[in-house]
Amino acid sequence: MAATSKRRVLLFCVESLFGESLIHILSQVEDVVLLGPYPMRAGAVVDLPDVPPDIAVIVSEDSETPDIAALTSLLLGHYPGLAIVRIGLQDNVMQVYSSRTLPASLADLLEVIHSQSPTDDIRR
Amino acid sequence: MMRKTNPIRVLLVDDHALFREGLAGILNAQSDFLVVGEASDGLEAQVMAQELSPDLILMDVGMPGCDGLEAARRIKWVLPAATIVMLTVQDNEEKLFEAIKCGAQGYLLKNMRSRPMLELLRGAVQGQAAITPALAGRILEEFRRLSRHEGLTAEGEALTLTPREQEVLSLAAEGATDQEVAAALSISLYTAKSHMRNILAKLQVNSRREAARYAREKGLL
């Protein structure tokens, strides 16, 4: 039987119940390798592993702060194509950011455009 | 043989599913805690509290529909012995005081670490207040503030009696009637009664006996 490939999850969180609880949960998931936790600041990027993770999870009380926006941007610069999940306590939702690199051709651009679901406003 | 104590049975109430599940994981990893139920709003919490009779209800404050404070109030109404600790992201004094008035045994912030939280929860089921020293300090400060304001009127003015009113109240405190007060101070009966009415109004009491006691306690005489 083929071994299940493990997902390398880069975790950023503040030292709080929410961060601790996610570490607790994720460290028990069999196919997840937890990298971190790293502190919630842009400077933490210099200590990141060379091997790119599969996904980054940013956990904070408020997921909309300028610090987190800066960290998201730095992570994408450091690991192009990295998927990032931002989870806050203010709303009961998580935001998933994904990116990929494609050749800069019209065909690819149109494919990307057409792969997006049209919004309700435009359909009207 | 050492007797194994029963774990603290916990009902978790929070609309943030991921936080709730994570917290359940932390609690269940302790040998002396057991999460027996999870609710996502205040109404569900009321039903589950009655069904499960948990030892401890750990409840968020801000939830859609019936919030944690209202749920705490209602749960305490039907289950007065319930131990409820609020766990919230809101570092808000008004909510803190409201939670205490609703019967909560504690008020903890979600930005705290798990170890101190667990210690405070263990204490809460023993009847101790589950509150961090920082929040306890705010409660004491509020009491001090209220104490400073006790000698003030509703408008915030210092509560003082005029020298004549103090004379009238001193005599009344010794048992003098309005007529005796009038005679002693060489004023009309009408004026003596008028002073007494003003004294009762200022001190917000209903009788001269209450007025005398209150004035002595507050050092107004």
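Student: At what angle do helix 9 and helix 10 of chain B pack?
Tutor: This is a predicted model, to start with. In it, helix 9 of chain B and helix 10 of chain B, residues 208-217, pack at an angle of about 55 degrees. Their axes are 10 Å apart. That makes helix 9 of chain B oblique to helix 10 of chain B.

Student: Left-handed or right-handed crossing of helix 9 and helix 10 of chain B?
Tutor: Helix 9 of chain B passes helix 10 of chain B in a left-handed crossing.

Student: Which residues meet there, between helix 9 and helix 10 of chain B?
Tutor: From helix 9 of chain B, B:M196, B:I199, B:L200 and B:L203. They meet B:R208, B:A211, B:Y214 and B:A215 in helix 10 of chain B. By class, this contact of helix 9 with helix 10 of chain B has 7 nonpolar residues, no polar ones and 1 charged.

Student: Now helix 8 and helix 9 of chain B. How far apart are their axes?
Tutor: The axes of helix 8 (residues 178-185) and helix 9 (residues 189-203) of chain B are 8 Å apart. The two helices pack at an angle of about 110 degrees. That makes helix 8 of chain B roughly perpendicular to helix 9 of chain B. Helix 8 of chain B passes helix 9 of chain B in a right-handed crossing.

Student: Which residues of helix 8 of chain B meet helix 9 of chain B?
Tutor: B:D178, B:Q179, B:V181 and B:A182. Facing them in helix 9 of chain B are B:L189, B:A192, B:K193 and B:M196. The residues of this contact of helix 8 with helix 9 of chain B divide into 5 nonpolar, 1 polar and 2 charged. Look at B:M196: it is listed in the contact with helix 8 of chain B, and also in the contact with helix 10 of chain B.

Student: New topic. What domains does the assignment give for chain B?
Tutor: The domain assignment gives domain 1 (8-146) and domain 2 (163-217) in chain B. The C-alpha centres of these two domains of chain B lie 50 Å apart.

Student: And the sheet in chain B, what is the strand order?
Tutor: The order is 2-1-3-4-5-6 in chain B. These 6 strands form an open sheet, and the pairing is parallel. The edge strands are strand 2 (33-39) and strand 6 (130-131) of chain B. Each edge strand pairs on one side only.

Student: How many bridges link strand 1 and strand 2 of chain B?
Tutor: Strand 1 (residues 8-13) and strand 2 of chain B pair over 6 bridges, in the parallel sense. B:R9 stands opposite B:L34 in strand 2 of chain B.

Student: Which helix packs on the sheet by strand 2 of chain B?
Tutor: Helix 2 of chain B, residues 42-52. It touches strand 1, strand 2 and strand 3 (56-59) of chain B. Its direction makes about 135 degrees with that of strand 2 of chain B.

Student: Last one. What elements does chain A have?
Tutor: Chain A has 4 helices and 5 strands. Its C-alpha atoms fill a box of roughly 45 × 40 × 30 Å, along the principal axes.

How values were computed. Residues are numbered from 1 along each chain as its sequence is written. Chains are lettered from A and ligands numbered from 1 in the order in which they are written. This is a predicted model: local features need pLDDT of at least 70, side-chain atom pairs count only at pLDDT 80 or more; totals for chains, interfaces and linings use all residues. Axes are lines fitted to C-alpha atoms, for helices over the stretch in contact, and angles run from 0 to 180 degrees between N-to-C directions. Angles under 35 degrees count as roughly parallel, over 145 as roughly antiparallel, 65 to 115 as roughly perpendicular and the rest as oblique. A crossing is left-handed if the near helix is turned anticlockwise from the far one by less than a right angle, and right-handed if clockwise. Two residues are in contact if their C-beta atoms, placed from the backbone, lie within 7 Å. Ala, Val, Leu, Ile, Met, Phe, Trp, Tyr, Cys and Pro count as nonpolar, Asp, Glu, Lys and Arg as charged, and the others, Gly among them, as polar. Domain bounds come from an automatic or database domain assignment. Two strands pair if DSSP finds at least two bridges between them.
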